[in-house]
Amino acid sequence: MTEGVSRPTLEAVAARAGVSRATVSRVVNGGDGVREPLAERVRQAVAELGYVPNQAARSLVTKRHDAVAVVIAEPETRVFTDPFFALQLRGISKELTAHDNQLVLLLTEGRDDHARVARYLAGGHVDGALVFSLHLDDPLPGLIHDAGVPTVFGGRPHWGDQVAGSTRPTGEDPGVVYVDCDNRGGARAAVRHLVGLGRTRVAHLTGALDQTSAVDRLDGYRDVMAEVPGGNDPRLVVESDFTPAGGERAMRGLLDRCPDVDAVFAANDLTALGALRVLRASGRRVPEDVAVIGFDDMLPVAMEADPPLTTVRQEIEEMGRLMARLLLRGLAGGRDRTGTTVASAPAGGVILPTTLIRRASA
């Protein structure tokens, strides 16, 4: 067992820079009131000595932990197999790293995990939380609210949907900050494209309907199909769950009940992949017999589909970055520890646009 090497101290940095210990502390902890020439001398001394601030001591001074919890309300088997989560986590990680913050990943398998996550957040281990993939019966929003942790949500929240007499738009809460894409508008664009191709039996394989993204995409599908003769046929809507296996099951059920279907709008790319497999196995050609459109534009999934998938692009990685950026702005309210000037996060939702990406499947 080797003997540990002594670490440079705050006093050593102060001596090297020729300033007081208090000045070093202010610079290291991102405080104001230090002239730039002195601050630069401190930063140079820190680099030369290899000084690493003690996180526990810094937290006492700054009241910050420089750590953010990312809470995904899905089991690990889903999180680590669905590329959507990898893309969103990459965006979050990039933004947190750029501002010298750590990412703490928390997943939920069931009710016991909800209580565990709530205890962790209430224990003061992190400065805030980024929460996404919530379900309608999910207790996490209430638990997080009770923990008093600043939070940004990924996806339109649902808890304002059934508020009687509310004058706010569906799902809006003036105290909630969230980031989402234009799910309804993207779905409309996809279905309009299919109708524009001359398809008359356009079906929808939904996502999990206990999530607002799936509900919004179903609403967008219905907006367009309401104007199509025979478009209100309930048999053309089959519930799925955002997975390839769910897409296969839904597509089989659709062919059983509507063998004359000539187009499919799938709630996401993975559902579309499952649908493509079933169509191929049934002898139907894509797009000649049945046109297929997905949602997400997850690469390389959409490009490597057979045929390459026409889909609705949402900027998944950018949504993750924006979630983290809004949280950090709200936490800082001035300058963060990297010296970047930030502003307070606005309450309300940020909706990013979607784009129809045309490939061979439709």
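**Notes on the predicted model**

1. Let me start with Ala 69: this residue is buried, at a relative accessible area of 0% (buried is under 20%, exposed over 50%, partly exposed in between, with a 1.4 Å probe and protein chains only). Ala 69 sits in strand 1, residues 67-72. Strands here are DSSP runs of E with at least two residues, helices are runs of H or I with at least four, and both are numbered from the N terminus. Leaving out residues up to four places away in sequence, Ala 69 touches Val 104, Leu 106, Leu 121, Val 126, Gly 128, Ala 129 and Leu 130, where contact means heavy atoms within 4.5 Å. Ala 69 and Leu 130 are 61 residues apart along the chain, yet their C-alpha atoms are separated by 6.2 Å.

2. Ground rules, before going on. This is a predicted model, so local features need pLDDT of at least 70 and side-chain atom pairs count only at pLDDT 80 or more, while totals for chains, interfaces and linings use all residues. Residues are numbered from 1 along each chain as its sequence is written, and side-chain values use heavy atoms, with hydrogens and water left out.

3. The overall numbers: the chain has 14 helices and 12 strands, and 50% of its 362 residues count as buried. Among contacts with a separation of 6 or more, 71% are between residues 24 or more positions apart.

4. After helix 3 comes Gly 50, with a positive phi near 70°.

5. Next, strand 4 (residues 151-154). Thr 151 and Phe 153 point one way, Val 152 and Gly 154 the other, and all are buried. Strand 4 pairs in the parallel sense with strand 3 (residues 128-132) over four bridges, and with strand 5 (residues 177-181), also parallel, over three bridges. Pairing requires at least two DSSP bridges between the strands. Gly 154 stands opposite Phe 132 and has Val 179 as its bridge partner in strand 5. Strand 3, helix 8 (residues 140-147) and strand 4 make a right-handed β-α-β unit: with the strands pointing away from the viewer, the path from the first strand over the helix to the second runs clockwise.

6. Elsewhere, six strands form an open, mixed sheet in the order 7-6-8-9-10-12. Strand 7 (237-238) and strand 12 (355-357) are at the edges with a single partner strand each, so one side of each has no neighbour in the sheet. Strand 6 (residues 202-205) runs parallel to strand 7, joined by two bridges; Leu 205 has Val 238 as its bridge partner there.
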